[in-house]
Amino acid sequence: MTDSPRRAPATRAGATPAGRRRLRRALAAAAVDLFVAKGYEATTVDEIAAAAGVGRRTFFRYFDAKDDVLFANHDEIVAEMEETFAAADPDRDPVEVACSAVGLVLDSYAAELDVSLKRFTLTRTVPSLRDKEVATVDRYQRVLARYLRARFTEQGDETSSLRAAVAAAAIAAANNHVLRRWLRSGGQDDITASAAEAFALVIDAFRVEGPSDETTVVAVMTTATPLHAVIAKLNAALNES
């Protein structure tokens, strides 16, 4: 008599990094749907957890409070921005790098249109969620400013702190303008083209002028190209011209 084959142990939903990301997003999607259907104040953590198929304790392993769930991928985006900074060519314009990094925020919104539109409605109608959104944007801006300050200091800029703060604010403003325009259009606006135009203005405003001849540059890419890749490709073409 032979032994029956052993079954592989079941993998818990949050046992791997990918599983944790999926669970965070499942909790966020469940929360957004409940907030829209029942109202933010009337929705409980227990209801969010149940809708996502987990328990209350699991919810609090991922989020400190109910309002945190609306921006579930915030920490992931910040980590990806830091990775973009670390991998950037040291000879590349730091403002270009910062624009590419913040483009990841727009990519994340575009990837989840339904959740993004519902979140937009909620942040316009629930004061506590609007405050949370403001705090989230502020953190992105501080991450940008920290990177820019370090790079400007390396370049010997005596006004590195001020210049970094102003540049980071401009990048954040451009990002918010593009994002809100896209959300108000119901996701119909061309977010890629709008972002490329807005970030090009910021890059041009902070570019260190040098002797050069004007050159026309053409870059070809598909509409499905991620925003950070669009910005990187445009700037690579400009630098090669």
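User: Leaving aside its neighbours within four places in sequence, which residues is Thr43 in contact with?
Analyst: This is a predicted model, in which local features need pLDDT of at least 70, side-chain atom pairs count only at pLDDT 80 or more, and totals for chains, interfaces and linings use all residues. Residues are numbered from 1 along each chain as its sequence is written, and side-chain values use heavy atoms, with hydrogens and water left out. Contact means heavy atoms within 4.5 Å. With neighbours within four places set aside, the partners of Thr43 are Leu34, Phe35, Lys38, Ile48 and Lys66.

User: Is Thr43 buried or exposed?
Analyst: Buried means under 20% relative accessible area and exposed over 50%, with partly exposed in between (1.4 Å probe, protein chains only). Because its relative accessibility is 1%, Thr43 counts as buried.

User: How do the residues lining the largest cavity divide into nonpolar, polar and charged?
Analyst: Ala, Val, Leu, Ile, Met, Phe, Trp, Tyr, Cys and Pro count as nonpolar, Asp, Glu, Lys and Arg as charged, and the others, Gly among them, as polar. A cavity is a set of points on a 1 Å grid over the protein atoms alone where a 1.4 Å probe fits but cannot get out, and lining residues have an atom within 4 Å of a point. The lining includes Phe71, Asn73 and Arg119. Its residues divide into five nonpolar, three polar and one charged.

Notes
On a 1 Å grid over the protein atoms alone, a cavity is a set of points where a 1.4 Å probe fits but cannot get out, and a pocket is an open set with protein on both sides within 12 Å along at least five of seven lines; lining residues have an atom within 4 Å of a point.
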